[in-house]
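Have the structure open beside you as you read.

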Amino acid sequence: MAMLIKNKNMAFSLILMCLFVVYPMANAQFSGLLGGATVVNIQGLVTCSTNGSVSTNTTSIPPFAGVPVLLQCAGQNVTTTTTGANGVFSFPSSTVFPISLLSTLLNSGCKAIVTAPLSTCNASLPTNGLLRAPLNLAGTIVTGGINILQFVNGLFRLI
């Protein structure tokens, strides 16, 4: 019985020691991500396609240029931007993300939505529906106390 109690004490001590080692690192990562100065870069590419393709077997699909793209988080419209001639969009990094929206963005709760009909770029494509894509965290950089979060769009789908 004394051996069993000794093993329980040792197991408890090891678990407690692991918590002391892991907690500060996890806390620093979480508070560093959501605390302090955070810059959010959201960029993407919109093509003239119902499924987000950039090419077929034989041809490349043209970009969807000059169309509005809406950033929506948890059903709330945050900001809009317009695609360039190459179909690339970028939401300004000056967009203010409250902690609630930042955590929604980190938990894949934000979407990029193209509000123009696809028939604008190709008359044979549908006139109804919107293109919508999830936003995915591509990477993070922490430099000089500033956290830079880089997001890119997933595939745009017709909804």
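Which hand does the disulfide of Cys-48 and Cys-121 have? The torsion about the S-S bond of this pair is about 90°, so the disulfide is right-handed. Please keep in mind that you are looking at a predicted model.

**The disulfides**

The chain has two disulfides. Counting the bonded cysteines along the chain, their pattern is 1-4, 2-3. The table puts the pairs side by side.

| Pair | S to S | S-S torsion |
|---|---|---|
| Cys-48 and Cys-121 | 1.7 Å | about 90° |
| Cys-73 and Cys-110 | 2.0 Å | about 115° |

Let us begin with Cys-48 and Cys-121, whose sulfur atoms are 1.7 Å apart. Cys-121, with a relative accessible area of 28%, is partly exposed.

Now for the other disulfide, in which Cys-73 is joined to Cys-110 with an S to S distance of 2.0 Å. With a torsion of about 115° about its S-S bond, this disulfide is right-handed. Cys-73 lies in strand S2 and Cys-110 in strand S5, so the pair ties together parts that are 37 residues apart in sequence. Cys-73 is buried, at a relative accessible area of 0%, and Cys-110 counts as buried, also at 0% relative accessibility.

**A look at Val-142**

Is Val-142 buried or exposed? Its relative accessibility is 61%, and since exposed means over 50%, Val-142 counts as exposed. You will find Val-142 in strand S6, which covers residues 131–143. Val-39 is 103 residues away from Val-142 along the chain, yet the C-alpha atoms of Val-142 and Val-39 are separated by 10.0 Å.

The mean pLDDT of the chain is 76, and 69% of its residues reach 70 or more. Where pLDDT is low, the predicted coordinates should not be read in detail.

Definitions and conventions
Residues numbered from 1 in each chain as written. Predicted model: local features only at pLDDT ≥ 70, side-chain atom pairs only at ≥ 80, totals over all residues. Heavy atoms only, no water. Helix = DSSP H or I, 4+ residues; strand = E, 2+ residues; numbered from the N terminus. Buried < 20%, exposed > 50% of the residue type's maximum accessible area, 1.4 Å probe, protein only. pLDDT = per-residue confidence, 0-100. Disulfide = S-S within 2.5 Å.
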